[in-house]
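Here is a short report on one chain. It covers the fold, the domain interface and selected charged pairs.

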Amino acid sequence: MSGVPGVDVPDHRGRTGLDRAGRALRRNPDVVVRDVELTSQGWHVLRRTTFDLRRRDGRWQTLERETYDRGDGATILLHDATRSTVLLTRQFRFPAYVNDHEDGMLLETAAGLLDDDDPETAIRREVAEELGVTVGPVARVFTAYMSPGSVTEKVHFFAAPYTPRDRTGTGGGVAAEGEDIEVVELPLDDALAMIGDGRIVDGKTIMLLQWWALGR
């Protein structure tokens, strides 16, 4: 009898047990997980979870929620305090393009998924790949769930100084992964103005730019 890929036999990425995520959760006594159904397993995973939730008035209700699991990520703002500049990326984002963005080309802070690395190791990798920069000490700024209504991803936010001497490579991303990334250096004031006029619309980038502006 054949099994279900991603559940009891390996899927195309060698994963099994994808339907077990969340079944053992006990941290919140007002939530009881009843069932987890694997609905899709492409590169990332979509699940439908049934759970009981005790409302504030004491009544219990049964709910279903879909969650998209793409792993956790990290992002970083590189800033040059002497020249008051920031180093960003520009790349095509199809989800933004299909949801009314004019051309899908978004200005963003360097970012990527952790994969099997810790957050700092992952962001150093992404900075080298996307921006061509070798960074020194990095500061952990905060951690945030970016779309907690449906996406499990937790993003670790970092910041680090850079100088022109730190740009030891060309950046541009990993071509074998379909990346074609432009490195963009901007004065901080210009970047902040671009938030106001809609040229920067990426959430993580807005958060980091405003964080640095508040602290300068």
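The chain has four helices and 10 strands. Helices (H or I, at least four residues) and strands (E, at least two) are DSSP runs, numbered from the N terminus. The order from the N terminus is β-β-β-β-β-α-β-β-α-β-β-β-α-α. This is a predicted model: local features need pLDDT of at least 70, side-chain atom pairs count only at pLDDT 80 or more, and totals for chains, interfaces and linings use all residues. Residues are numbered from 1 along each chain as its sequence is written, and side-chain values use heavy atoms, with hydrogens and water left out.

Along the principal axes, the C-alpha atoms fill a box of roughly 60 × 45 × 35 Å. Of the 216 residues, 36% count as buried. Buried means under 20% relative accessible area, exposed over 50%, and partly exposed in between (1.4 Å probe, protein chains only). Contact means heavy atoms within 4.5 Å. Among contacts between residues at least 6 apart in sequence, 53% join residues at least 24 apart.

**Domains**

The domain assignment gives domain 1 (18–69) and domain 2 (73–215). Their centres, taken over C-alpha atoms, are separated by 31 Å. Five residues of domain 1 are in contact with four residues of domain 2. Between domain 1 and domain 2 there are zero salt bridges. A salt bridge is a side-chain nitrogen of Lys or Arg within 4 Å of a carboxyl oxygen of Asp or Glu.

**A buried strand residue**

T85 lies in strand β5 (residues 85–92). T85 is buried, at 8% relative accessible area. Leaving aside neighbours within four places in sequence, its contacts include Y162, L186 and W212.

**Salt bridges**

The structure holds 21 salt bridges. Three are tabulated here.

| Pair | Closest N and O atoms |
|---|---|
| D19 and R23 | 3.9 Å |
| R23 and D35 | 3.5 Å |
| E108 and R93 | 2.7 Å |

D19 is buried, at 15% relative accessible area. R23 is partly exposed at 31%, and D35 is partly exposed at 33%. R23 lies in the segment before β1 (31–41) and D35 in strand β1, so the pair ties together parts 12 residues apart in sequence.

Where do E108 and R93 lie? E108 is in strand β6 (residues 105–108) and R93 in the loop between β5 and α1 (94–98), 15 residues apart. E108 is buried, with a relative accessible area of 2%, whereas R93 is partly exposed at 31%. A network of salt bridges links R93, E108, D202 and K204.

Conventions: Domains from an automatic or database assignment.
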